[in-house]
Amino acid sequence: ELKGLIHEKSKAYKESAECYEYAWRLTSEKDPAIGFKLASNYLKARRNLEAIEICHKVLSAHPRYPRIRKEILDIARIGLRP
């Protein structure tokens, strides 16, 4: 997770997403904070479909996590439209 943060600070979103993917798998896809960071980096790396998938996983496990819906999910959905 910390390595992902370092890459994120240097604006290397692809590498950051890879680090957060690893952390997400280690937490059995249950930690909403890591899911949020992963989806955010997917969004910044223009991988909108993956960001939407992570948002759905986080919201299914933690339905009262509204920040991810407003800040990532809605923006990623808009980005998918031509």
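## Surface and overall form

The protein exposes about 5,400 Å², of which carbon and sulfur atoms supply 55% (Shrake-Rupley method, 1.4 Å probe). This is a predicted model, in which local features need pLDDT of at least 70 and side-chain atom pairs count only at pLDDT 80 or more, while totals for chains, interfaces and linings use all residues. Residues are numbered from 1 along each chain as its sequence is written, and side-chain values use heavy atoms, without hydrogens and water.

The radius of gyration, taken over C-alpha atoms, is 12 Å, which agrees with the value near 12 Å for a compact globule of 82 residues (rule: 2.2 Å times the number of residues to the power 0.38). The C-alpha trace spans about 30 × 30 × 15 Å along its principal axes.

Five helices and zero strands are present (DSSP runs, numbered from the N terminus: H or I of at least four residues for helices, E of at least two for strands). Buried residues (under 20% relative accessible area, 1.4 Å probe, protein chains only) form 38% of the 82 residues.

## Leu73

Leu73 lies in helix 5 and counts as buried because its relative accessibility is 1%. Beyond four places in sequence, the contacts of Leu73 (heavy atoms within 4.5 Å) include Ile52, Cys55, His56 and Leu59.

How values were computed. Buried means under 20% relative accessible area, exposed over 50%, partly exposed in between (1.4 Å probe, protein chains only).
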